[in-house]
Amino acid sequence: MRLTLHEVAAQLGVPLPPENPLLKCAVTDSREVTLGALFVCIPGTHVDGHDFAQAAAKRGAAALLVSRDIGESEIPCLRVHDTVSALGKIAAFWRKQTSAKVVGVTGTAGKTTVKDVLAQILALKGKTAKSPVNNNNQIGMPRAMLHADGDEAFWVMEAGISHAGDMEYLASVLSPDVGLILNVGAGHTEGLGAKGVAWHKTRMLGQLASGGIGIISADYPDLVREAENTGATLQYFSTKDRKMPYYAVYAGPSGDDDARGRYCVHIEGREYEMVAPFYGQYGAENVAAVVACAHTLGVTVEGIATGMAQATLPHQRFCERRVGSWLCIDDTYNANPLSMHRMLDAAAERAAGRNLIAVLGEMLELGGNTFQEHEALGLHLAQVKPAAVIWKGGQGDAVREGLNKGGYSGLWLPVSAVADFTRVWEQCTAVAGQGVALFKGSRANNMESLLEVVVGMGLPHVL
(Lines give C-alpha, C1' and ligand atoms only; values in the text may rest on other atoms or scores of the structure.)
Protein backbone atom coordinates (compact mmCIF):
# COMPACT_ATOMS: atom_id res chain seq x y z
CA MET A 1 0.00 0.00 0.00
CA ARG A 2 0.94 3.66 -0.30
CA LEU A 3 -1.25 5.42 2.25
CA THR A 4 -0.40 8.11 4.75
CA LEU A 5 -1.20 7.58 8.40
CA HIS A 6 -3.64 10.48 8.23
CA GLU A 7 -5.52 8.79 5.37
CA VAL A 8 -5.77 5.62 7.43
CA ALA A 9 -6.88 7.49 10.55
CA ALA A 10 -9.58 9.31 8.59
CA GLN A 11 -10.97 6.01 7.27
CA LEU A 12 -11.04 4.57 10.77
CA GLY A 13 -12.62 7.66 12.29
CA VAL A 14 -9.91 8.20 14.90
CA PRO A 15 -8.00 11.42 15.76
CA LEU A 16 -5.18 12.39 13.42
CA PRO A 17 -1.79 11.98 15.09
CA PRO A 18 0.82 14.78 14.77
CA GLU A 19 3.04 12.58 12.61
CA ASN A 20 1.99 11.51 9.11
CA PRO A 21 4.38 8.82 7.80
CA LEU A 22 3.79 6.94 4.58
CA LEU A 23 2.66 3.37 5.24
CA LYS A 24 3.85 0.69 2.82
CA CYS A 25 2.37 -2.53 4.23
CA ALA A 26 0.55 -4.00 7.23
CA VAL A 27 1.98 -6.82 9.33
CA THR A 28 0.75 -8.75 12.35
CA ASP A 29 4.03 -10.46 13.28
CA SER A 30 6.75 -8.22 14.71
CA ARG A 31 9.39 -10.44 13.08
CA GLU A 32 8.06 -9.45 9.65
CA VAL A 33 8.26 -5.70 10.24
CA THR A 34 10.02 -3.66 7.56
CA LEU A 35 10.52 0.09 7.26
CA GLY A 36 7.21 1.81 6.63
CA ALA A 37 5.09 -1.02 8.05
CA LEU A 38 1.89 -0.55 10.01
CA PHE A 39 2.05 -3.06 12.86
CA VAL A 40 -1.43 -4.34 13.64
CA CYS A 41 -1.73 -5.63 17.21
CA ILE A 42 -4.12 -8.58 17.21
CA PRO A 43 -5.01 -10.30 20.49
CA GLY A 44 -4.98 -14.07 20.05
CA THR A 45 -5.72 -17.14 22.14
CA HIS A 46 -2.08 -17.77 22.98
CA VAL A 47 -0.25 -14.60 21.89
CA ASP A 48 -1.29 -10.94 22.06
CA GLY A 49 0.25 -8.70 19.41
CA HIS A 50 0.10 -5.75 21.82
CA ASP A 51 2.91 -7.38 23.79
CA PHE A 52 5.17 -7.01 20.76
CA ALA A 53 4.37 -3.40 19.87
CA GLN A 54 7.63 -2.01 21.20
CA ALA A 55 9.62 -4.71 19.43
CA ALA A 56 7.88 -3.75 16.18
CA ALA A 57 8.77 -0.09 16.73
CA LYS A 58 12.43 -0.97 17.23
CA ARG A 59 12.41 -2.99 14.01
CA GLY A 60 11.29 0.03 12.00
CA ALA A 61 7.50 0.04 12.05
CA ALA A 62 6.10 3.42 11.03
CA ALA A 63 2.97 3.22 13.20
CA LEU A 64 0.90 0.96 15.44
CA LEU A 65 -2.75 -0.07 15.27
CA VAL A 66 -3.96 -1.08 18.74
CA SER A 67 -7.15 -1.81 20.65
CA ARG A 68 -5.84 -1.19 24.17
CA ASP A 69 -3.36 0.96 26.02
CA ILE A 70 0.28 -0.08 25.48
CA GLY A 71 1.95 2.70 27.42
CA GLU A 72 4.50 5.06 25.93
CA SER A 73 5.29 4.55 22.26
CA GLU A 74 8.15 5.89 20.18
CA ILE A 75 6.00 5.86 17.04
CA PRO A 76 2.47 7.12 16.30
CA CYS A 77 -0.36 4.91 17.45
CA LEU A 78 -3.98 4.60 16.27
CA ARG A 79 -6.41 3.09 18.77
CA VAL A 80 -9.59 1.36 17.60
CA HIS A 81 -12.15 -0.97 19.16
CA ASP A 82 -11.29 -3.98 16.95
CA THR A 83 -7.97 -4.19 15.10
CA VAL A 84 -9.10 -7.04 12.82
CA SER A 85 -12.12 -5.07 11.64
CA ALA A 86 -9.93 -1.98 11.22
CA LEU A 87 -7.46 -3.96 9.11
CA GLY A 88 -10.32 -4.91 6.77
CA LYS A 89 -11.48 -1.28 6.51
CA ILE A 90 -7.99 -0.15 5.54
CA ALA A 91 -7.71 -2.91 2.92
CA ALA A 92 -11.13 -2.03 1.47
CA PHE A 93 -10.07 1.63 1.18
CA TRP A 94 -6.79 0.67 -0.49
CA ARG A 95 -8.63 -1.58 -2.94
CA LYS A 96 -10.65 1.45 -4.09
CA GLN A 97 -7.43 3.31 -4.90
CA THR A 98 -6.23 0.70 -7.39
CA SER A 99 -7.06 0.42 -11.08
CA ALA A 100 -6.07 -3.27 -11.08
CA LYS A 101 -8.54 -5.90 -12.13
CA VAL A 102 -9.20 -7.76 -8.88
CA VAL A 103 -9.87 -11.50 -8.86
CA GLY A 104 -11.30 -13.29 -5.84
CA VAL A 105 -10.71 -17.06 -5.85
CA THR A 106 -12.65 -19.48 -3.68
CA GLY A 107 -13.69 -23.12 -3.68
CA THR A 108 -13.54 -26.23 -1.52
CA ALA A 109 -10.45 -27.81 -3.07
CA GLY A 110 -7.59 -26.46 -5.15
CA LYS A 111 -8.14 -22.72 -4.70
CA THR A 112 -4.56 -21.96 -3.62
CA THR A 113 -3.18 -23.87 -6.60
CA VAL A 114 -5.54 -22.16 -9.05
CA LYS A 115 -4.76 -18.76 -7.52
CA ASP A 116 -1.03 -19.30 -7.97
CA VAL A 117 -1.23 -20.64 -11.54
CA LEU A 118 -3.62 -17.88 -12.60
CA ALA A 119 -1.34 -15.22 -11.10
CA GLN A 120 1.66 -16.64 -12.97
CA ILE A 121 -0.25 -16.45 -16.27
CA LEU A 122 -1.55 -12.92 -15.64
CA ALA A 123 1.97 -11.79 -14.72
CA LEU A 124 2.99 -12.37 -18.35
CA LYS A 125 0.46 -9.71 -19.37
CA GLY A 126 0.99 -7.18 -16.59
CA LYS A 127 2.25 -6.66 -13.08
CA THR A 128 0.33 -8.95 -10.74
CA ALA A 129 -0.07 -9.13 -6.97
CA LYS A 130 -1.33 -12.28 -5.27
CA SER A 131 -2.02 -13.44 -1.75
CA PRO A 132 0.92 -15.54 -0.53
CA VAL A 133 0.45 -19.23 0.23
CA ASN A 134 -3.12 -19.43 1.56
CA ASN A 135 -3.41 -16.09 3.35
CA ASN A 136 -7.15 -16.17 2.83
CA ASN A 137 -8.92 -15.37 6.10
CA GLN A 138 -10.06 -12.15 7.79
CA ILE A 139 -6.46 -11.30 8.69
CA GLY A 140 -4.46 -12.88 5.88
CA MET A 141 -6.41 -11.60 2.89
CA PRO A 142 -6.53 -7.90 3.92
CA ARG A 143 -2.86 -8.08 4.85
CA ALA A 144 -2.08 -9.50 1.39
CA MET A 145 -4.07 -6.70 -0.25
CA LEU A 146 -2.09 -4.11 1.68
CA HIS A 147 1.19 -5.61 0.45
CA ALA A 148 0.25 -4.69 -3.13
CA ASP A 149 2.00 -1.61 -4.49
CA GLY A 150 -1.12 -0.23 -6.14
CA ASP A 151 0.29 0.01 -9.66
CA GLU A 152 -0.50 -3.58 -10.64
CA ALA A 153 -2.61 -4.61 -13.60
CA PHE A 154 -4.07 -7.52 -11.65
CA TRP A 155 -4.67 -8.67 -8.09
CA VAL A 156 -5.43 -12.35 -7.44
CA MET A 157 -6.62 -12.92 -3.88
CA GLU A 158 -7.84 -16.10 -2.22
CA ALA A 159 -10.89 -16.13 0.03
CA GLY A 160 -11.28 -19.08 2.40
CA ILE A 161 -14.19 -19.55 4.76
CA SER A 162 -14.92 -21.74 7.77
CA HIS A 163 -17.88 -20.02 9.46
CA ALA A 164 -21.13 -18.37 8.46
CA GLY A 165 -20.57 -14.72 7.54
CA ASP A 166 -16.93 -15.18 6.56
CA MET A 167 -17.49 -14.77 2.82
CA GLU A 168 -19.75 -11.75 3.19
CA TYR A 169 -16.97 -10.02 5.11
CA LEU A 170 -14.09 -11.04 2.86
CA ALA A 171 -15.93 -10.22 -0.35
CA SER A 172 -17.01 -6.81 0.96
CA VAL A 173 -13.35 -6.00 1.64
CA LEU A 174 -12.12 -7.31 -1.72
CA SER A 175 -14.99 -6.18 -3.97
CA PRO A 176 -13.70 -8.35 -6.84
CA ASP A 177 -14.11 -7.59 -10.53
CA VAL A 178 -14.04 -11.34 -11.11
CA GLY A 179 -15.35 -13.83 -8.57
CA LEU A 180 -13.99 -17.30 -9.40
CA ILE A 181 -15.69 -20.23 -7.62
CA LEU A 182 -13.74 -23.34 -8.49
CA ASN A 183 -15.94 -26.02 -6.91
CA VAL A 184 -17.99 -26.92 -3.85
CA GLY A 185 -17.86 -29.98 -1.63
CA ALA A 186 -17.76 -31.02 2.01
CA GLY A 187 -15.29 -28.76 3.77
CA HIS A 188 -15.54 -26.76 7.02
CA THR A 189 -19.12 -28.03 7.23
CA GLU A 190 -18.90 -27.96 11.02
CA GLY A 191 -18.82 -24.16 11.02
CA LEU A 192 -20.91 -23.35 7.95
CA GLY A 193 -24.24 -24.72 9.14
CA ALA A 194 -27.30 -25.92 7.28
CA LYS A 195 -27.39 -23.53 4.31
CA GLY A 196 -24.70 -25.50 2.52
CA VAL A 197 -21.24 -24.78 1.19
CA ALA A 198 -22.52 -23.55 -2.18
CA TRP A 199 -24.73 -20.91 -0.58
CA HIS A 200 -21.86 -19.56 1.50
CA LYS A 201 -19.35 -19.57 -1.38
CA THR A 202 -21.71 -17.68 -3.67
CA ARG A 203 -22.00 -14.80 -1.19
CA MET A 204 -18.92 -13.52 -3.01
CA LEU A 205 -21.08 -12.84 -6.08
CA GLY A 206 -23.23 -10.38 -4.15
CA GLN A 207 -20.17 -8.21 -3.48
CA LEU A 208 -18.77 -7.94 -7.01
CA ALA A 209 -17.54 -4.55 -8.16
CA SER A 210 -19.73 -2.62 -10.60
CA GLY A 211 -19.67 -4.50 -13.91
CA GLY A 212 -18.13 -7.54 -12.23
CA ILE A 213 -18.60 -11.12 -13.33
CA GLY A 214 -18.80 -14.47 -11.56
CA ILE A 215 -16.93 -17.39 -13.14
CA ILE A 216 -18.18 -20.70 -11.81
CA SER A 217 -18.09 -24.41 -12.54
CA ALA A 218 -21.17 -25.74 -14.30
CA ASP A 219 -20.46 -29.21 -12.89
CA TYR A 220 -22.04 -28.63 -9.47
CA PRO A 221 -25.84 -28.20 -9.65
CA ASP A 222 -26.08 -26.66 -6.18
CA LEU A 223 -23.38 -24.13 -7.06
CA VAL A 224 -25.14 -23.20 -10.32
CA ARG A 225 -28.47 -22.82 -8.53
CA GLU A 226 -27.12 -20.64 -5.74
CA ALA A 227 -25.02 -18.55 -8.12
CA GLU A 228 -27.96 -17.85 -10.40
CA ASN A 229 -30.07 -16.86 -7.41
CA THR A 230 -27.64 -14.01 -6.66
CA GLY A 231 -28.51 -12.26 -9.93
CA ALA A 232 -24.83 -11.77 -10.78
CA THR A 233 -23.56 -11.87 -14.35
CA LEU A 234 -22.09 -15.36 -14.78
CA GLN A 235 -19.67 -17.20 -17.03
CA TYR A 236 -19.31 -20.98 -16.88
CA PHE A 237 -16.55 -23.56 -17.25
CA SER A 238 -16.83 -27.33 -17.17
CA THR A 239 -15.07 -30.68 -17.37
CA LYS A 240 -18.28 -32.48 -18.34
CA ASP A 241 -20.23 -30.30 -20.77
CA ARG A 242 -18.45 -29.52 -24.04
CA LYS A 243 -21.09 -26.89 -24.83
CA MET A 244 -19.81 -24.60 -22.09
CA PRO A 245 -17.70 -21.61 -23.22
CA TYR A 246 -14.69 -23.05 -21.38
CA TYR A 247 -14.11 -26.78 -21.17
CA ALA A 248 -11.12 -28.98 -20.39
CA VAL A 249 -10.40 -32.71 -20.24
CA TYR A 250 -7.25 -34.64 -19.38
CA ALA A 251 -5.42 -36.00 -22.44
CA GLY A 252 -2.56 -37.89 -20.77
CA PRO A 253 0.90 -37.26 -19.34
CA SER A 254 3.29 -34.95 -21.13
CA GLY A 255 6.22 -37.32 -20.63
CA ASP A 256 7.16 -40.72 -19.23
CA ASP A 257 8.29 -39.32 -15.86
CA ASP A 258 6.83 -35.85 -15.88
CA ALA A 259 4.27 -34.65 -13.34
CA ARG A 260 2.78 -32.35 -15.99
CA GLY A 261 -0.25 -33.34 -17.98
CA ARG A 262 -1.69 -32.58 -21.38
CA TYR A 263 -5.19 -31.11 -21.49
CA CYS A 264 -7.61 -30.66 -24.36
CA VAL A 265 -9.10 -27.20 -23.88
CA HIS A 266 -12.12 -25.67 -25.61
CA ILE A 267 -12.28 -21.87 -25.63
CA GLU A 268 -15.49 -20.47 -27.05
CA GLY A 269 -15.88 -23.31 -29.54
CA ARG A 270 -12.24 -23.74 -30.60
CA GLU A 271 -10.04 -26.61 -29.45
CA TYR A 272 -6.45 -26.37 -28.18
CA GLU A 273 -3.97 -28.59 -26.37
CA MET A 274 -2.12 -27.21 -23.36
CA VAL A 275 0.48 -28.58 -20.98
CA ALA A 276 -0.23 -27.79 -17.33
CA PRO A 277 1.47 -28.47 -13.96
CA PHE A 278 -1.23 -31.01 -13.08
CA TYR A 279 -1.51 -34.75 -13.56
CA GLY A 280 -4.78 -36.53 -14.10
CA GLN A 281 -8.41 -35.64 -14.63
CA TYR A 282 -8.61 -33.67 -11.36
CA GLY A 283 -6.42 -31.05 -13.04
CA ALA A 284 -8.94 -30.50 -15.83
CA GLU A 285 -11.13 -28.46 -13.49
CA ASN A 286 -8.17 -26.29 -12.50
CA VAL A 287 -7.20 -25.81 -16.15
CA ALA A 288 -10.73 -24.90 -17.23
CA ALA A 289 -11.08 -22.41 -14.37
CA VAL A 290 -7.74 -20.73 -15.02
CA VAL A 291 -8.37 -20.55 -18.76
CA ALA A 292 -11.84 -19.06 -18.26
CA CYS A 293 -10.56 -16.41 -15.88
CA ALA A 294 -7.42 -15.48 -17.82
CA HIS A 295 -9.29 -15.31 -21.14
CA THR A 296 -12.04 -13.18 -19.61
CA LEU A 297 -9.32 -10.79 -18.39
CA GLY A 298 -7.93 -10.40 -21.90
CA VAL A 299 -5.04 -12.88 -22.01
CA THR A 300 -4.63 -14.44 -25.46
CA VAL A 301 -4.82 -18.18 -26.01
CA GLU A 302 -1.10 -18.18 -26.81
CA GLY A 303 -0.38 -16.29 -23.61
CA ILE A 304 -2.46 -18.71 -21.56
CA ALA A 305 -0.74 -21.75 -23.11
CA THR A 306 2.72 -20.28 -22.50
CA GLY A 307 1.96 -19.34 -18.93
CA MET A 308 0.32 -22.68 -18.18
CA ALA A 309 3.32 -24.61 -19.50
CA GLN A 310 5.71 -22.54 -17.37
CA ALA A 311 3.64 -22.46 -14.18
CA THR A 312 4.70 -24.24 -11.02
CA LEU A 313 2.59 -25.49 -8.11
CA PRO A 314 2.79 -24.08 -4.59
CA HIS A 315 4.59 -25.94 -1.81
CA GLN A 316 2.86 -29.06 -0.43
CA ARG A 317 0.43 -29.28 -3.35
CA PHE A 318 1.07 -32.47 -5.33
CA CYS A 319 4.80 -31.84 -5.27
CA GLU A 320 6.94 -34.87 -6.07
CA ARG A 321 10.14 -36.20 -4.53
CA ARG A 322 12.07 -39.24 -5.62
CA VAL A 323 13.37 -41.12 -2.57
CA GLY A 324 15.17 -44.29 -3.50
CA SER A 325 12.71 -46.54 -5.30
CA TRP A 326 9.71 -44.44 -4.19
CA LEU A 327 8.05 -41.47 -5.82
CA CYS A 328 6.62 -39.51 -2.89
CA ILE A 329 3.75 -37.10 -3.57
CA ASP A 330 3.59 -34.25 -1.07
CA ASP A 331 0.03 -32.95 -0.76
CA THR A 332 0.31 -32.46 2.97
CA TYR A 333 -0.94 -28.92 3.37
CA ASN A 334 -4.55 -29.79 4.13
CA ALA A 335 -7.39 -32.13 3.26
CA ASN A 336 -11.14 -32.38 2.88
CA PRO A 337 -13.25 -35.09 1.22
CA LEU A 338 -13.19 -33.53 -2.25
CA SER A 339 -9.43 -32.94 -2.32
CA MET A 340 -8.68 -36.31 -0.70
CA HIS A 341 -10.61 -38.28 -3.32
CA ARG A 342 -9.08 -36.34 -6.18
CA MET A 343 -5.51 -36.69 -4.99
CA LEU A 344 -6.00 -40.43 -4.47
CA ASP A 345 -7.17 -40.80 -8.05
CA ALA A 346 -4.29 -38.70 -9.34
CA ALA A 347 -1.75 -40.67 -7.28
CA ALA A 348 -3.19 -43.97 -8.51
CA GLU A 349 -2.88 -42.79 -12.09
CA ARG A 350 0.66 -41.63 -11.38
CA ALA A 351 1.44 -45.09 -10.04
CA ALA A 352 0.26 -46.60 -13.34
CA GLY A 353 0.28 -50.20 -12.16
CA ARG A 354 3.06 -49.82 -9.60
CA ASN A 355 2.46 -50.22 -5.88
CA LEU A 356 0.64 -47.31 -4.21
CA ILE A 357 0.93 -46.53 -0.51
CA ALA A 358 -1.62 -44.06 0.88
CA VAL A 359 -0.23 -42.21 3.91
CA LEU A 360 -3.30 -40.32 5.07
CA GLY A 361 -4.56 -38.34 8.04
CA GLU A 362 -7.93 -37.51 9.55
CA MET A 363 -10.08 -34.88 7.83
CA LEU A 364 -11.18 -32.24 10.33
CA GLU A 365 -14.03 -29.71 10.69
CA LEU A 366 -16.67 -31.92 9.09
CA GLY A 367 -19.16 -31.74 11.98
CA GLY A 368 -22.03 -34.20 11.74
CA ASN A 369 -20.69 -35.56 8.44
CA THR A 370 -17.43 -36.76 9.98
CA PHE A 371 -18.13 -40.50 10.20
CA GLN A 372 -19.87 -40.83 6.83
CA GLU A 373 -17.17 -38.85 4.99
CA HIS A 374 -14.41 -41.01 6.46
CA GLU A 375 -16.35 -44.16 5.66
CA ALA A 376 -16.75 -42.88 2.09
CA LEU A 377 -13.02 -42.30 1.98
CA GLY A 378 -12.50 -45.93 2.97
CA LEU A 379 -14.79 -47.07 0.15
CA HIS A 380 -12.87 -44.91 -2.30
CA LEU A 381 -9.57 -46.30 -1.06
CA ALA A 382 -10.87 -49.83 -1.64
CA GLN A 383 -11.60 -48.90 -5.25
CA VAL A 384 -8.13 -47.40 -5.72
CA LYS A 385 -6.57 -50.59 -4.26
CA PRO A 386 -3.37 -49.31 -2.65
CA ALA A 387 -0.89 -51.89 -1.41
CA ALA A 388 -1.14 -50.29 2.02
CA VAL A 389 -3.01 -47.59 3.89
CA ILE A 390 -1.08 -45.87 6.69
CA TRP A 391 -3.51 -43.83 8.82
CA LYS A 392 -2.79 -41.06 11.33
CA GLY A 393 -5.35 -39.43 13.62
CA GLY A 394 -8.93 -40.19 14.55
CA GLN A 395 -11.78 -41.73 12.54
CA GLY A 396 -9.74 -44.81 11.70
CA ASP A 397 -12.72 -47.02 12.56
CA ALA A 398 -14.86 -45.20 10.00
CA VAL A 399 -12.20 -45.53 7.30
CA ARG A 400 -11.75 -49.19 8.14
CA GLU A 401 -15.52 -49.69 7.88
CA GLY A 402 -15.43 -48.29 4.36
CA LEU A 403 -12.43 -50.42 3.43
CA ASN A 404 -14.19 -53.55 4.64
CA LYS A 405 -17.38 -52.71 2.72
CA GLY A 406 -15.26 -52.16 -0.38
CA GLY A 407 -13.52 -55.52 -0.02
CA TYR A 408 -10.05 -54.08 0.58
CA SER A 409 -7.39 -56.75 1.10
CA GLY A 410 -4.23 -54.64 1.46
CA LEU A 411 -2.36 -53.59 4.57
CA TRP A 412 -4.07 -51.33 7.15
CA LEU A 413 -1.44 -49.70 9.36
CA PRO A 414 -2.58 -47.03 11.87
CA VAL A 415 0.12 -44.86 13.47
CA SER A 416 0.05 -42.23 16.19
CA ALA A 417 3.56 -40.78 16.15
CA VAL A 418 6.65 -40.40 14.00
CA ALA A 419 8.35 -43.31 15.80
CA ASP A 420 5.41 -45.59 14.94
CA PHE A 421 5.52 -44.46 11.35
CA THR A 422 9.22 -45.26 10.96
CA ARG A 423 8.59 -48.86 11.95
CA VAL A 424 5.43 -49.15 9.84
CA TRP A 425 7.05 -47.60 6.76
CA GLU A 426 9.91 -50.09 6.91
CA GLN A 427 7.43 -52.94 7.31
CA CYS A 428 5.30 -51.66 4.47
CA THR A 429 8.10 -51.04 1.97
CA ALA A 430 9.64 -54.42 2.74
CA VAL A 431 6.45 -55.91 1.30
CA ALA A 432 5.73 -53.38 -1.46
CA GLY A 433 9.32 -52.74 -2.57
CA GLN A 434 8.82 -49.73 -4.83
CA GLY A 435 6.15 -47.47 -6.26
CA VAL A 436 4.28 -44.26 -5.38
CA ALA A 437 3.37 -42.93 -1.94
CA LEU A 438 0.79 -40.17 -1.37
CA PHE A 439 1.04 -38.10 1.82
CA LYS A 440 -2.09 -36.12 2.68
CA GLY A 441 -4.20 -35.12 5.68
CA SER A 442 -5.72 -32.15 7.47
CA ARG A 443 -3.30 -29.55 8.73
CA ALA A 444 -3.33 -30.59 12.40
CA ASN A 445 -2.02 -34.05 11.51
CA ASN A 446 1.36 -32.59 10.50
CA MET A 447 1.67 -35.14 7.70
CA GLU A 448 4.82 -33.45 6.41
CA SER A 449 6.65 -34.83 9.46
CA LEU A 450 5.97 -38.35 8.19
CA LEU A 451 7.18 -37.44 4.72
CA GLU A 452 10.40 -36.10 6.19
CA VAL A 453 11.00 -39.49 7.81
CA VAL A 454 10.96 -41.07 4.36
CA VAL A 455 13.11 -38.30 2.91
CA GLY A 456 15.61 -38.89 5.69
CA MET A 457 15.93 -42.52 4.66
CA GLY A 458 17.28 -41.67 1.23
CA LEU A 459 18.71 -38.87 -0.85
CA PRO A 460 15.68 -37.05 -2.33
CA HIS A 461 15.45 -35.46 -5.70
CA VAL A 462 12.77 -32.78 -6.13
CA LEU A 463 11.04 -33.24 -9.47
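Two strands are taken to pair if DSSP finds at least two bridges between them. Helices (H or I, at least four residues) and strands (E, at least two) are DSSP runs, numbered from the N terminus. The structure is a predicted model, in which local features need pLDDT of at least 70 and side-chain atom pairs count only at pLDDT 80 or more, while totals for chains, interfaces and linings use all residues. Residues are numbered from 1 along each chain as its sequence is written, and side-chain values use heavy atoms, with hydrogens and water left out.

Strand S3 (residues 25–27) runs parallel to S4 and is joined to it by three bridges, with Ala26 standing opposite Leu38. S4 also pairs in the parallel sense with strand S5 (residues 63–66), again over three bridges, and here Leu38 stands opposite Ala63. Within S4 (residues 37–40), Ala37 and Phe39 point one way, Leu38 and Val40 point the other way, and all are buried. Buried means under 20% relative accessible area, exposed means over 50%, and partly exposed lies in between (1.4 Å probe, protein chains only).

The loop between strand S11 (213–217) and helix H9 (221–229) holds Asp219. Asp219 is buried yet has no salt bridge, and Lys240, the nearest side chain of opposite charge, is 5.5 Å away. A salt bridge requires a side-chain nitrogen of Lys or Arg within 4 Å of a carboxyl oxygen of Asp or Glu; Lys and Arg count as positive and Asp and Glu as negative, whereas His and the chain ends are not counted. The side chain of Asp219 does reach the backbone nitrogen of Thr239, at 2.9 Å.

Aromatic residues come next. A search of the whole structure finds eight aromatic pairs. Tyr250 and Tyr263 form one that is tilted, at 5.3 Å centre to centre and with 50 degrees between the planes. Because Tyr250 lies in strand S13 (residues 246–253) and Tyr263 in strand S14 (residues 261–267), this pair ties together parts that are 13 residues apart in sequence. Rings of Phe, Tyr and Trp (its six-membered ring) pair if their centres lie within 6.5 Å; planes under 30 degrees apart count as stacked, over 60 as edge-to-face and the rest as tilted. Tyr250 is buried, with a relative accessible area of 14%, and Tyr263 is buried with a value of 0%. A polar atom of the Tyr263 side chain lies 2.6 Å from the backbone oxygen of Gly280.

Ring pairs also link Trp326, Phe421, Trp425 and Phe439 into a cluster. Elsewhere, charged groups meet rings: the charged end of Lys195 sits over the ring of Trp199, 4.1 Å from its centre, and that of Arg443 sits over the ring of Tyr333, 4.8 Å from its centre. The criterion is that NZ of Lys or CZ of Arg is within 6 Å of the ring centre and within 35 degrees of the ring normal.

Strand S16 (residues 319–323) and strand S17 (residues 326–330) pair in the antiparallel sense over five bridges. Arg321 has Cys328 in S17 as its bridge partner. Two residues lie between the strands of this hairpin, and Gly324 takes a positive phi near 60 degrees.

Finally, Leu356 lies in strand S18 (residues 355–361) and is buried, with a relative accessible area of 5%. Leu356 and Ala432 are 76 residues apart in sequence and 8.4 Å apart in space, C-alpha to C-alpha.

Key:
Polar contact = N/O pair within 3.5 Å; in protein donor to acceptor, adjacent residues only side chain to side chain.
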